[in-house]
Amino acid sequence: DKLKNVLDYIEVHYAESIQVSELAGLCYFSEYHFMRFFKKHMNMTVVEYLNNLRLEKAVELFEQGNTSILEVSLATGFHNLSYFHKVFKRKFHMTPREFLKKLSSF
């Protein structure tokens, strides 16, 4: 139940700046205990989970025809463009621009 509350909260607020302390507060855990609890149940850190969700939403926006990488990164909660590029490339093995080129070639 606690985990579901956290995942629901993240799903609604992913585009905002989310602090670990906020999420820990939803479960009435300390940040330390919350991070261990989350990793144990999700097999990834809360930051990895949040980035994965944000990247999936970014891909959806690109597929819907949004071509501004800056707008998509901001709309999905990445407020640092170079960080967006870095995590996007790590997950998809291509930059957002390369992804858009691939999309437009279909």
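**Surface patch, confidence and salt bridges**

1. In this predicted model, Leu 70, Leu 74 and Leu 81 make a nonpolar surface patch of about 240 Å². Leu 70 is placed in helix H5, which covers residues 69-75. Its relative accessible area is 46%, so Leu 70 is classed as partly exposed.

2. As to confidence, the mean pLDDT of the protein is 96, and 100% of its residues reach 70 or more. Among the elements, the highest mean pLDDT, 98, belongs to helix H6 (residues 81-92), and the lowest, 95, to helix H7 (residues 96-104).

3. The count of salt bridges comes to 2. One of them joins Asp 8 to Lys 4, with the closest N and O atoms 2.8 Å apart. Both residues lie in helix H1 (residues 2-13), at a spacing of 4 residues, or about one turn of the helix. Asp 8 is partly exposed at 38% relative accessible area, and Lys 4 is likewise partly exposed, at 49%.

4. Lys 57 and Glu 11 also meet through their side chains in a salt bridge, with an N to O distance of 2.9 Å. Because Lys 57 lies in helix H4 (residues 46-63) and Glu 11 in helix H1, this pair ties together parts that are 46 residues apart in sequence.

5. Glu 11, at 37% relative accessibility, counts as partly exposed.

Technical notes:
Residues numbered from 1 in each chain as written. Predicted model: local features only at pLDDT ≥ 70, side-chain atom pairs only at ≥ 80, totals over all residues. Heavy atoms only, no water. Patch = residues over 30% accessible without salt bridge, like charges linked within 9 Å, V, L, I, M, F, W, Y side chains within 5 Å. Areas by Shrake-Rupley, 256 points an atom, 1.4 Å probe, with all protein chains shown as cover. Salt bridge = Lys/Arg side-chain N within 4 Å of Asp/Glu carboxyl O. Helix = DSSP H or I, 4+ residues; strand = E, 2+ residues; numbered from the N terminus. Buried < 20%, exposed > 50% of the residue type's maximum accessible area, 1.4 Å probe, protein only. pLDDT = per-residue confidence, 0-100.
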